[in-house]
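The report below takes up the contacts between two protein chains and a few side-chain pairs within them. Please keep the sequence and the structure in view while reading.

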Amino acid sequence: MREVISLQELKRIAQVSKLELSEEELQGFFEDINNVVSRFEKLNDLDLQDISPTSHLSWSEPPFSSDEPRAGEGGEEVLKGAPQVANGYFVVPRVVDKEEKENEDRRV
Amino acid sequence: MKIEEFRDFSIGDYHRLFKDKEISPLELVNLFLERIKEGEDKIHAFLFVNEEKAKDEAQKKAENLPDELLPLWGLPVAIKDNICTRGIPTTCGSKMLENFTPPYDATVVERLKKAGAIILGKTNMDEFAMGSSTQTSAFGPTYNPFDRRRVPGGSSGGSAASVCSLEAPFALGSDTGGSVRQPAAFCGVVGLRPTYGRISRYGVVSFASSLDQVGLITRKVEDAITLLEVVSGKDDKDSTCAPYPPFGRSEIPAPEEIRKLKVGVPREYFPSGLEKVIKTKIQEVLEKLKEEEIEIVEVSLPHTSYALESYYIVAAAEASSNLARYDGVVYGLRVEGENLQDMYFKTRTLGFGREVKKRIILGTYALSSGYYDEYYLKGMKVRTLVRQDFEEAFGKCDLLITPTTPSLPFFPEKKGRDPYEMYLNDMFTVPSAMAGLPSLSLNCGYDEGLPVGLQIIGRPFEEGKLLGLALFLEKLLALPSPFPLFKEDNNE
């Protein structure tokens with residue numbers, strides 16, 4: 001295994017992915033991911049300069065839907081799957097920290 | 001009647017029994033439920049058995065036998081647990097969705113119901129369809145019905161194992177890089193991945209959207225044809241679903257036309273690492289086809305050995321983006337935290353298993369600034385080369401025949417084993433998925449009681465030729481359909 005991604009870089013990527021890794025997990029992923037990523041270097045054998053990328057497959061022009069209002073599905077039903085709801089809304093924990101909020105208020 | 005009497009049945013045979021009043025839909029559902037009870041502690045193919053609702057639905061049907069039966073009337077079907085079923089849990093084999101019950105049916109489920117089918121239950125799978133062994137399910141693995149010590153393949157391992165053991169007559173799966181064909185090969189049944197866009201993905205939990213496709217797992221090729229007729233075709237709810245009419249069996253060439261097809265054999269699909277018995281079995285089939293005067297030509301798909309790397313970049317990149325939606329807000333697991341960010345971290349850390357986390361990290365890395373060109377862009381360019389390989393090969397032949405897997409069903413992953421070894425199992429199924437081509441795995445024989453899968457690959461939307469050759473081969477090989485006896489171990 002060659003080290004392509006450093007432990008530090010791996011920690012950063014996990015942060016961005018909103019995943020908390022224990023030291024043990026981090027070590028395991030460090031080995032596994034470097035193992036896989038180092039094999040990706042094989043693609044450097046190929047001359048890809050003039051090749052256009054395939055991001056998706058489409059066999060025909062994507063169809064347009066008619067621009068008409070329609071009743072959505074679910075409604076109340078959709079909210080039933082939510083961890084927390086109130087008055088027909090999804091509830092999330094506080095987004096803005098208290099201190100930030102106070103600073104904001106002062107500026108106003 | 002006894003369940004083993006259905007061993008070689010296809011849908012038409014069940015319908016004949018209904019019409020002759022030899023069995024009612026309720027009696028049939030009860031036989032499958034009994035079989036599930038007998039088998040589940042041995043193979044664990046199901047995550048949820050829809051017992052009450054299936055009985056109710058079957059009872060309703062039993063009371064009202066129509067003169068003309070809908071294509072799937074009265075037949076129970078097993079559904080992979082990443083396909084949404086209204087009012088029935090859909091977990092994706094993950095703690096993240098352990099308590100998720102969809103408020104709607106996937107388009108494929110809606111179409112199955114409309115055609116008269118009865119939802120029998122939801123089948124086990126690798127978490128979020130990431131794996132080739134059904135070992136990464138958060139709810140415990142599925143075992144291979146032929147030999148419980150071995151894996152059933154994956155990620156649609158539960159669907160394949162249920163059909164193999166006749167716990168269900170047929171099932172839906174999903175195939176991103178081989179997740180229908182590889183388990184079908186390991187369980188000795190038919191696994192069809194149609195052309196990308198042939199079947200709507202609406203209501204199928206996204207893993208890698210440019211690759212995901214619903215697949216069909218059946219005991220007979222005939223049933224794959226019927227199922228494809230029912231579930232395929234344009235869907236306004238999925239813009240990646242091709243705006244074409246559903247598949248029709250009239251697209252299948254007559255047997256005499258099948259003999260005129262040219263079959264290509266790509267030399268890159270017979271590498272030195274290929275298990276000898278698999279090579280032998282495939283070659284035996286090719287010999288038989290030659291005896292039937294079907295022309296076999298050697299072709300080359302030169303970028304085959306690069307496809308797997310490209311696939312893992314593209315699939316992980318798309319997965320990291322698709323799985324960002326699991327944030328504890330709208331549905332699925334929430335683990336409370338001090339604030340929003342803390343809640344995100346806690347929810348995702350507890351909700352996802354190891355393989356899923358690994359792929360999210362891999363994909364996030366491949367898409368991150370500074371590495372995008374190095375990985376994701378390169379992956380997509382290689383995908384173009386893989387597609388071009390197929391286009392060129394199909395200039396010389398109508399269909400390709402390859403092995404489905406490089407090995408027989410393997411033993412569960414041992415700790416410390418090179419994770420890449422597991423990925424190699426997908427080497428023959430990944431390239432056609434990247435090119436979006438229809439591909440089918442068919443059992444072509446056994447080695448010491450374990451099945452060997454043969455893969456047929458066709459041009460886009462030429463499922464007709466593909467299924468025509470599969471029917472021809474099925475008849476030619478005349479293998480009995482599997483009926484494993486659920487022995488504790490198969491040592492004798």
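Does Glu9(A) count as buried or exposed at its relative accessibility? With a relative accessibility of 16%, Glu9(A) counts as buried, the cut-off for that class being under 20%. This value, like the others in this report, is computed from a predicted model.

Chain A has 108 residues, of which 27% count as buried. Its secondary structure consists of 4 helices and 2 strands, and these follow one another from the N terminus in the order α-α-α-β-β-α. The accessible surface of chain A amounts to about 8,000 Å², with 47% of it belonging to carbon and sulfur atoms. When contacts between residues at least 6 apart in sequence are considered within chain A, 47% of them join residues at least 24 apart.

The buried Glu9(A) takes part in a salt bridge with Arg12(A), in which the closest N and O atoms are 3.5 Å apart. Both residues belong to helix α1 (residues 7-16) of chain A, and because they are 3 residues apart there, about one helical turn separates them. Arg12(A), for its part, is partly exposed, at 41% relative accessibility.

**The interface between chain B and chain A**

The size of an interface is often given as the accessible area lost when the parts come together. For chain B and chain A the buried area is about 5,600 Å², and 68% of it lies on carbon and sulfur atoms. In terms of residues, 65 of chain B are in contact with 55 of chain A.

Six helices of chain B, namely α10 (304-322), α11 (340-351), α12 (354-367), α13 (373-393), α14 (419-424) and α15 (430-434), each supply at least two residues of the side that touches chain A. Of the elements on that side, α13(B) gives the most, with 11 residues.

The salt bridges between chain B and chain A number 4, and one pairing between the chains is that of Lys42(A) with Glu309(B), whose closest N and O atoms are 3.7 Å apart. There is also a network of salt bridges that links Asp32(A) with Arg354(B), Glu355(B), Lys358(B) and Arg359(B).

**Salt bridges over the chains**

Over all chains the count comes to 38 salt bridges. Some of them are set out here.

| Pair | N to O distance |
|---|---|
| Arg12(A) and Glu9(A) | 3.5 Å |
| Arg249(B) and Glu229(B) | 3.3 Å |
| Lys465(B) and Asp398(B) | 3.8 Å |
| Lys42(A) and Glu309(B) | 3.7 Å |

**Around Arg249(B)**

The side chains of Arg249(B) and Glu229(B) meet in a salt bridge of 3.3 Å, N to O. Since Arg249(B) lies in the loop between α7 (221-231) and α8 (255-258) of chain B while Glu229(B) lies in helix α7, the pair ties together parts that are 20 residues apart in sequence. Arg249(B) is partly exposed, with a relative accessible area of 34%, and Glu229(B) is likewise partly exposed, at 25%.

Helix α7 of chain B also holds Thr226(B), which counts as buried at 8% relative accessibility. The side chains of Thr226(B) and Arg249(B) are joined by a polar contact of 3.1 Å. Apart from residues up to four places away in sequence, Thr226(B) touches Ile11(B), Pro71(B), Leu72(B) and Arg249(B).

**The loop between α13 and β9 of chain B**

Lys465(B) and Asp398(B) form a salt bridge through their side chains, at 3.8 Å from N to O. Lys465(B) is placed in helix α16 (residues 463-477) of chain B and Asp398(B) in the loop between α13 and β9, so the pair ties together parts that are 67 residues apart in sequence. Lys465(B) is partly exposed, with a relative accessible area of 22%, whereas Asp398(B) counts as buried at 14%.

Phe394(B) lies in the loop between α13 and β9 (399-403) of chain B, and its relative accessibility of 8% makes it buried. Leaving aside neighbours within four places in sequence, Phe394(B) is in contact with Leu399(B), Leu400(B), Leu437(B), Ile457(B), Gly458(B) and Arg459(B).

Conventions
Residues numbered from 1 in each chain as written. Chains lettered and ligands numbered in written order. Predicted model: local features only at pLDDT ≥ 70, side-chain atom pairs only at ≥ 80, totals over all residues. Heavy atoms only, no water. Contact = heavy atoms within 4.5 Å. Buried area = accessible area lost by both parts, 1.4 Å probe. Buried < 20%, exposed > 50% of the residue type's maximum accessible area, 1.4 Å probe, protein only. Areas by Shrake-Rupley, 256 points an atom, 1.4 Å probe, with all protein chains shown as cover. Polar contact = N/O pair within 3.5 Å; in protein donor to acceptor, adjacent residues only side chain to side chain.
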